[in-house]
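This report describes the fold and the contacts between chains of the structure shown below. Headings mark the topics.

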Amino acid sequence: MSYIIPRFRHPCTVPNDIGYTRQDYEGALSTLCAGCGHDSISAALVQACYEMSVAPHLVAKLSGIGCSSKTPAYFLRQSHGFNSVHGRMPSVATGAYLANRDLTYLGVSGDGDTASIGLGQFAHVMRRNLNMLYIIENNGCYGLTKGQDSATADVGSKTKHGQANVFSPIDPAGLALNIGATFVARSFSGDKAQLVPLIKAGLHHPGFALIDVISPCVTFNNIPASTKSYTYTREHMTAADVVDFVPAAAKYGADGAIDVKMPDGATVKLRRLPDHHDPRNRAAAAAAVLAAQERGEVLTGLIYIDTGRPDLHAMLETTETPLRALDEKALCPGARALDAVNRNAR
Amino acid sequence: MKPLESVNEFVVRFANVNGTGSASANLLFAKAAFRMGIPIGAKNIFPSNIQGLPTWYEVRVSEKGYIGARGGGVDLMICVNAQSLAQDIASVAPGGYFVYDDIKPLPADLARGDITILGLPLTEICNREYKEPRLRQLFKNVIYVGALAALVDIDFAVLKGLVADQFEEKKKLIGPNVHALELGYNYAREHFTCPLGLRLKACDKTGDSILLDGNTALGLGAVYGGATVVGWYPITPSTSVIDTFRNYAAATRQDPETGKNNFAVVQAEDELAAIGIVIGASWNGARSFTATSGPGVSLMSEFLGLAYFAEIPAVLYNVQRCGPSTGMPTRTQQGDVLLCAYASHGDTKHVLLFPSTPKEAFDFAADAFDLADRLQTPVMVLSDLDLGMNDNMSPPLTWDDNRKYDRGKVLTAEDLENMKEKFGRYLDVDGDGIGWRTYPGTHPTKGSYFTRGTSHDSYAAYTENSDIYLESMHRLDKKWQTARTLVPAAETERTGKGGKRGALYYGTTMHAAREALDRLAAEGTELDAMRLRAFPFPQEVEDFIAAHDEVFVIEQNRDAQMRSLLINEFGVNPDKLVKILYYGGKPITAHDIHDKIARHLKDGKRSQHVA
């Protein structure tokens, strides 16, 4: 248990455009360890949703199993949440999204949940370009079962028990690029300035948005020999782009940034770094991720974005009305249609 | 040996090579008999293979209406497969008939003196008539159906009518097909004494019945039941359920203005994802289902436990095949009863429905959605390959246009607005063990809750408190008692004459069991009978068992799974329930059931464990 919920509120707490205060976006008291990176991600989610004036009840929060997957209870208390089974959140999200295309879907997963037990579902949800934000709270270890290596742990990275990992790591961002995810980002739980705009852009992206957030495990994996610790990440982070997210209505000046227009007029604003890629170029993005890996660096920021691809509903050509809202009249062919069925079966 | 003689009561079996187009020709024969008003049962015995292995198609014609598998030898064998010749000739009943393609003379060691052997020069006729090898192959099948028309007196006009219906869209194929029928017909008339002792005679015993496979019925039932989201993974023998749903939904469910689909079908990466999609969609308020077979249910079990404990509706159609493991994927069995009843770890149990006919498959497919929504729990329809992939005679499909979908206990925004007390997702407000639920996005400030597979209190909050945990487990049990009153009742099939003896059966065992019980009755042994249609077992099942000293439980698996389930649920004395089992992968036969019951009656308990 970390803290008691502070009663004190900043006097400047003001409602956002739709009348909600920041407090309205919070959730139950976190039961994660004090200092857990995951709590910072929850806080970033609260801030992003508050600033974007997202109606909390129009968000569905989904997760698998593990420390990360507990967190949807700790933010957006007015949203329905679904803590499903280990590694299977993507399929639950797929069904939920098909049932009602009008909600915003936010999935929270961990590195074990995504890269080990759930690797198959993770891969296939990206193929479907499901319109959701998928956050990996990536600490390179299994927290709830006390610190075993996860599949994202780097070779040679040591756990608290002192053993070095010998197996090749899975890089969720690299994999996402390979499979064809349409929004691939990486960030660090200790860098809210970068994470918040990425979350906003991801929530806004009209397709599958992945943010792989390095989120050190303070209890089992925050040691110098781990490549998912605070120290290591801070020392080896290299930002591909500094991001700002500009809603459709806002105005901003030209400052040499790359502007990626969303289909609805909003803009993701990126600053190009001289020796880095254009995030709209998938091959360059993949190369940049690999190059950073070889240098032992963690490439953060918006690595790749493509807003032009059809999402799952577009691919399946489903109706604009949420499927769950259709009634007998729209769904049942009726008794007379069975006459033809019976006739053909004689 | 006197050749068999029978009008409208015999079994014809076709032996073919799979992948040669024989299925549609054989169906032509089955449908012709059906259109002549004679009840038929058709069984396809096929390999798990696409091309080149032996396959059989058996048609039982029975004016008496016995459309289950009969058992015993075949009365008339049409052998068009040299690979299985020896086995096929051996399977003919004494006095029966064996028709074969006499491109080669029948090996002397296979010849039998007690049957009539007719050589039909199929290959020769085809080689003479057709130049293209593909046509020779295709029309060979049609020619033997033509010959059969002469041999068993099929009304040729009926055959022609079927061909015309079959090629309604490609009319130029009608002529060549009718010609092929005539080639066979004329050859048989000229060379054999027609008809044989076995023959068809038009009657009026089919009424308004239809010939339909159970998978089509399930797929249609899902459309009628209002399913909009489908997650699935291909597996024999369930795949055509989804094909039917998709095709029929595409034909009837497109938005008239935009042409867009009022349904969504996703072929998932595996069965785990398939049921995950169903649970996600149902949680979010859509009607959703998956279709699978035993191996799929094994994979889905973890999710089924979640849906049970978190109380999320889910509909699953299990077209059972022969297990264990990969087993015999193209053979039938009722082997998943226990797997489905108790799927997943911990104390779980699930609502099961057991259809016996395509009509019932259609009804249960739709009813499953009402039950799942009402009970907020998974509902599984247990069909099997015999029902699912064979054309079964059935009452016609019907639908009541006044029927409203029962979406169960769902609170609207208005309900929430007017609520004075605090919303509790798992509060038993009405005493039936079922809480009220809300769909995500219903109300800005009321009705949200956190769905979880971890232990939770009435307000869906996490708890490790034993008392609260027990309370929710007991409430789930109360809901189970409510389910007993909502599922389809068991059918009393024979009553009043059986005294202290009865029989229980379910699903595709029905037809063969009815015939066997008729035979036993004719021999002087009456049994009362009840057909199970659902789990949890309604009260009448308990009463039926209580009212009899000895109950035969007839089913198609080795371990007498339904019997175990009855013992487990009711605490019945196991000695009272006698196992009558067949599990070889082909449909259970009337002969087999009759003989096993008769032997038990003669020998008493000694035969109880003889399957």
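## Chain A

In this predicted model, 55% of the 346 residues of chain A count as buried. Chain A holds 12 helices and 13 strands. Among its contacts with a separation of 6 or more, 71% are between residues 24 or more positions apart.

## The interface between chains A and B

On the side of chain B, 57 residues are in contact with 47 residues of chain A. The elements of chain B that give two or more residues to this side are β9 (210-213), α7 (214-224), β10 (229-232), β11 (264-267), α9 (271-283), α10 (294-310) and β17 (450-452). The largest share, 9 residues, comes from α9(B). By class, the side of chain B that touches chain A has 29 nonpolar, 19 polar and 9 charged residues.

Strand pairing also links the two chains: strand β2 (residues 80-83) of chain A and β17(B) run parallel and are joined by 3 bridges. Within this pairing, Phe82(A) has Thr451(B) as its bridge partner.

Helix α3 (residues 89-99) of chain A packs against α9(B) at an angle of about 45°, and the two axes are 6 Å apart. The two helices, α3(A) and α9(B), are therefore oblique to each other, and α3(A) passes α9(B) in a right-handed crossing.

From α3(A), the contact draws on Ser91(A), Val92(A), Ala93(A), Thr94(A), Gly95(A), Ala96(A), Leu98(A) and Ala99(A). The residues from α9(B) are Leu272(B), Ala273(B), Gly276(B), Ile277(B), Val278(B), Ile279(B), Gly280(B), Ala281(B) and Trp283(B). By class, the contact of α3(A) with α9(B) comprises 12 nonpolar, 5 polar and no charged residues.

## Helices α3 and α4 of chain B

Within chain B, the axes of helix α3 (residues 122-129) and helix α4 (residues 133-152) come within 9 Å and cross at roughly 125°. Accordingly, α3(B) and α4(B) are oblique to each other, and the crossing is right-handed.

Leu122(B), Ile125(B), Cys126(B) and Asn127(B) of α3(B) meet Arg136(B), Phe139(B), Lys140(B), Ile143(B) and Tyr144(B) of α4(B). This contact has 6 nonpolar, 1 polar and 2 charged residues.

## Strands of chain B

An open sheet of 5 strands in chain B has mixed pairing and the order β18-β20-β19-β22-β23. At its edges stand β18 (491-494) and β23 (577-581), each with a single partner strand, so one side of each is left without a neighbour in the sheet. Neighbouring strands are turned by 25° against each other on average, direction ignored. Strand β19 (residues 501-506) and strand β20 (residues 528-532) of chain B run parallel and are joined by 5 bridges; Gly502(B) stands opposite Asp528(B) in β20(B). Helix α16 (residues 509-522) of chain B packs on the sheet, touching β18, β19, β20 and β22 (550-555), and its direction makes about 155° with that of β19(B). Helix α18 (residues 561-570) of chain B lies across β19, β20, β22 and β23, running at about 135° to β22(B).

Elsewhere in chain B, 5 of the 6 residues of strand β3 (residues 40-45) are buried, so this strand is largely enclosed by the rest of the structure. Strand β3(B) runs antiparallel to strand β4 (residues 54-62) of chain B, with 6 bridges between them. The bridge partner of Ala42(B) in β4(B) is Val59(B).

## Backbone features of chain B

Most residues other than glycine have a negative phi, and most peptide bonds are trans. A cis peptide bond, with omega about 0°, joins Thr236(B) and Pro237(B); Pro237(B) is in the loop between β10 and α8 (239-252) of chain B. The bond from Gly323(B) to Pro324(B) is also cis, with omega near -5°, and Pro324(B) is placed in the loop between β13 (314-320) and α11 (337-341) of chain B.

Asp153(B), which is not glycine, has a positive phi near 65°. This residue lies in the loop between α4 and α5 (156-166) of chain B, and Asp153(B) counts as partly exposed because it has 18 C-beta neighbours inside 10 Å. Ala560(B) likewise has a positive phi, near 50°, and is found in the loop between β22 and α18 of chain B. With 23 C-beta neighbours inside 10 Å, Ala560(B) counts as buried.

Note on methods. Residues numbered from 1 in each chain as written. Chains lettered and ligands numbered in written order. Predicted model: local features only at pLDDT ≥ 70, side-chain atom pairs only at ≥ 80, totals over all residues. Axes fitted to C-alpha atoms, helices over the stretch in contact; angles between N-to-C directions. Helix = DSSP H or I, 4+ residues; strand = E, 2+ residues; numbered from the N terminus. Parallel < 35°, antiparallel > 145°, perpendicular 65-115°, else oblique. Left-handed = near helix turned anticlockwise from the far one by under 90°. Contact = placed C-beta atoms within 7 Å. Nonpolar A, V, L, I, M, F, W, Y, C, P; charged D, E, K, R; others polar. Pairing = 2+ DSSP bridges. Buried ≥ 20, exposed ≤ 12 C-beta atoms within 10 Å, placed from the backbone.
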